[in-house]
Amino acid sequence: QQVQIGVFGGTFDPIHTGHLAVAHAALRRFRLDCIYFVPSGLPPHKSPDRLTPYLHRYTMVALGCADNPRFVPSLLEAGRDLAGRSRSYSVDTVRRLRRRWPNARLYFTLGADQFLTLPTWKKYRTLVKLCDLIVAARPGFRLRARRTTRIVSQLPAGARIHWLTTVHADISATTVRRRARRGLPLRNLVPLAVEAYIRSAGLYSRS
């Protein structure tokens, strides 16, 4: 039987219950054997000076994944020094995972907002040929909207896109950071262990 592996990338600054809800839904619907949570090194679409240091983000991912043995915190974009200082591209990450699992079926998970920027990604056509795409739709996202249809038309023939519309956890990392900065509770927004880490490390207090 073919191994089914999910790949969930992002800055995870911090990982929150919305991310985990998407992962749980993907795990069930596509019967995945595991999901790799891949904190990005230096993502091309974000300013590095506004990003929490890599090892903090990775630690929060590890804490957030701790309760589910099929959630795997990954250092795929950490770089040789494990500091996540190099520019990271999804196509390169999926290629590395493909070398590790040559016969597996890979499912790359991304949010609807990220999907709408897909044609700006490095070698996005190659990425789509290497794996299936799971697009997690946020509330208000319309599958048949003109912009969505236009993105789909730019993908290679035979691209495998799966729409995950059963998740309605409309939580953003921006909201979590803002509340943390103000000292407000993060209950139900991040796992308890992640909240404790944010407090103990003093994250977001000056951002």
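Here is a short tour from the inside of the model to its surface. Keep in mind that this is a predicted model.

**Stop 1: the largest nonpolar core.** Select I15, I35, F37, M60, F71, L164 and I198: of the 33 residues in this core, these touch the most other members. Which element gives the largest share? That's α1, with 6 residues.

**Stop 2: zoom in on I35.** Leave aside its neighbours within four places in sequence, and show what else I35 is in contact with: G6, F8, A23, A26, L27, R70, F71 and V72.

**Stop 3: another core.** Now pick L116, Y124, V128 and F141. They are among the 30 residues of a second, separate core.

**Stop 4: helix α7.** Select residues 173–181 and highlight A173, V176 and A180, which are buried. Why do these three sit on the same side of α7? Because they cover an arc of only 60° around the helix axis.

**Stop 5: out to the surface.** Select L55, L75 and L82. Together they form a nonpolar patch with about 250 Å² of accessible area. To find L82, follow the loop between β3 (71–73) and α3 (90–100). L82 counts as partly exposed because its relative accessibility is 41%, and partly exposed covers the range between under 20% (buried) and over 50% (exposed).

Conventions:
Residues numbered from 1 in each chain as written. Predicted model: local features only at pLDDT ≥ 70, side-chain atom pairs only at ≥ 80, totals over all residues. Heavy atoms only, no water. Patch = residues over 30% accessible without salt bridge, like charges linked within 9 Å, V, L, I, M, F, W, Y side chains within 5 Å. Areas by Shrake-Rupley, 256 points an atom, 1.4 Å probe, with all protein chains shown as cover. Salt bridge = Lys/Arg side-chain N within 4 Å of Asp/Glu carboxyl O. Helix = DSSP H or I, 4+ residues; strand = E, 2+ residues; numbered from the N terminus. Buried < 20%, exposed > 50% of the residue type's maximum accessible area, 1.4 Å probe, protein only. Arc of directions from axis to C-beta. Core = buried A, V, L, I, M, F, W, Y, C linked by side-chain atoms within 4.5 Å. Contact = heavy atoms within 4.5 Å.
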